[in-house]
Amino acid sequence: MIDNNLYQLHKELRSLLGTRFITDRTVRETHATDASYHKGSIPDAVVFPKSNAEVSKIVKCCDKYKIPIIPYGTGTGVEGAVVCIEDALCVSLNEMNEIISVSTEDRYATVQSGVTRNQLNAHLTEIGTRLHFPVDPGADASLGGMAATRASGTCAVLYGTMLDNVLGLTVITTDGTEIQTGGKAIKSAAGYDLTRLFIGSEGTLGIITEITLKLARLPETISAAICSFHTVNDAINTVINFMNAGIEIARIELLDEIQMDAVNNYSNLDYEVAPTLFLEFHGSTNTVTEYSEDADRIASENGSVDFRWTTDENERKRLWQARYDSYFAALNLRPGSVGYVTDVCVPISQLAMCITETKSILVKSNLLATMLGHVGDGNFHVVFPLEPGNSDELDEAQQISNQIVDIALEMGGTCTGEHGIGLGKRAALQKEHGNAVDIMRTIKLALDPKNIMNPGKIFI
């Protein structure tokens, strides 16, 4: 039986949104969780606002009746950041998908938070710009969700993360107030940096409804390369040598031998089953040729088995197919499995040791696991294909994840380079930041005194 607060909330939101206020169980179930193993409650209702004004009114209603709000993008996260709790309202931002403006001269775009990165890049191509948005987390995530989780991905080594590519935000705060942070200028020294406060806050401080993003020029030429090695250490040392040689690489991905075997089987490829680097160079034709040839030489000096590079678009896509297929290929090693994914990030000088120690733990484990990562910035992931509902396997995967975090922290790294905290790494956040987490809680309490905005996330 619905309580009076929920009843009144339903009444007001149905009047405001009409058919975009939904209590259908199937819709609610699809908005109950993300791509992680975390399971929660089904939201009490799902709403689909289309404007800042509607989001503001929704939040004011929830504030009045003290009903929890779960902001929802595309649900592609892996740490439970949008997993629902009982009697919560899910605010789906999928219909806030308007590209508001693009400035080719100043190289920025302002979009609603439901716009996905692929949607934005397709639009930039359609209107004839030579610009693109370069932050690529793999999934076609919403840009609002990417801002909320401080996403990065394969191109971060050259273009940076969301933290580096957001100029300003529109945010609906926990009492329904609409605020703007930052702006369209490339820098500002005006007051507290509220933009960076909301980036990575995972929907716990307010709902991001609009984002102004930096755009990058499309490179004249793109070259892709692949090379395999006898050991992970050889591959990592090659990456360090690339950087010391001044080679600018747009993407540097490492797949271990188990992951390479997985993608060969999944995508009918014939790559060497060995630790493998995937590289991409952006720039002028002469520049990418020079970088590719220098990379070939350095890789050979470090024992590369086979270095292949190309500027042909179709061949580039073929070379990168293994990386694009990696997650589903890992799950395919165990048909019917569900994925448990963890990530850490360490200083590049510590990466080889961190991966070596991690692999020594994995070898002793009863679990199947693959490893891949954006090694140019010290970030790597471990994927465990688990039997659905097997609590023993889940417990072991969590224990190993905790061990990997401990190794990374001892090396001056972080418990997560890009997945965020959500539900899955709340204890790890405490371990990493200690008393500083109390300051984070103080900020949360100051901005959300009723604790209605995505409660239970980030903090234990």
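1. Strand 8 (residues 166-173) and strand 10 (residues 206-214) are paired antiparallel through seven bridges. Helices (H or I, at least four residues) and strands (E, at least two) are DSSP runs numbered from the N terminus, and two strands pair if DSSP finds at least two bridges between them. Within this pair, glycine 168 stands opposite threonine 212 of strand 10.

2. On the source: this is a predicted model, in which local features need pLDDT of at least 70 and side-chain atom pairs count only at pLDDT 80 or more, while totals for chains, interfaces and linings use all residues. Residues are numbered from 1 along each chain as its sequence is written, and side-chain values use heavy atoms, with hydrogens and water left out.

3. Axes here are lines fitted to C-alpha atoms, for helices over the stretch in contact, and angles run from 0 to 180 degrees between N-to-C directions.

4. A second open sheet has four strands in the order 1-2-4-3, and its pairing is mixed. Strand 1 (21-22) and strand 3 (69-72) stand at the edges with a single partner strand each, so one side of each has no neighbour in the sheet. Strand 1 runs antiparallel to strand 2 (residues 45-47), joined by two bridges. Phenylalanine 21 is placed opposite valine 47 in strand 2. Helix 3 lies across strand 2, strand 3 and strand 4 (89-92) of this sheet, running at about 170° to strand 4.

5. Helix 3 also packs with helix 1 (residues 4-17), at an angle of about 165° and with axes 10 Å apart. The two helices are therefore roughly antiparallel; angles under 35 degrees count as roughly parallel, over 145 as roughly antiparallel, 65 to 115 as roughly perpendicular and the rest as oblique. By class, the contact has eight nonpolar, two polar and four charged residues. Ala, Val, Leu, Ile, Met, Phe, Trp, Tyr, Cys and Pro count as nonpolar, Asp, Glu, Lys and Arg as charged, and the others, Gly among them, as polar.

6. Helix 14 (residues 351-364) packs with helix 9 (residues 232-244) at about 160°, their axes 9 Å apart. That angle makes helix 9 roughly antiparallel to helix 14, and the crossing is right-handed. Val232, Asn233 and Ile236 of helix 9 make the contact with Leu351, Ala352, Ile355, Thr356 and Lys359 of helix 14. These comprise five nonpolar, two polar and one charged residues.

7. Helix 14 packs as well with helix 15 (residues 391-410), at about 160° with axes 10 Å apart. Helix 14 is thus roughly antiparallel to helix 15, and passes helix 15 in a right-handed crossing. Cys354, Glu357, Thr358, Ile361 and Leu362 of helix 14 meet Ile400, Gln403, Ile404, Ile407 and Ala408 of helix 15. The contact divides into seven nonpolar, two polar and one charged residues.

8. How many salt bridges does the structure hold? There are 21, each a side-chain nitrogen of Lys or Arg within 4 Å of a carboxyl oxygen of Asp or Glu. One joins aspartate 136 to arginine 251, with the closest N and O atoms 3.2 Å apart. Aspartate 136 lies in the loop between strand 7 (131-132) and helix 5 (143-148) and arginine 251 in strand 13 (residues 251-255), so the pair ties together parts 115 residues apart in sequence.

Methods:
A crossing is left-handed if the near helix is turned anticlockwise from the far one by less than a right angle, and right-handed if clockwise. Contact means heavy atoms within 4.5 Å.
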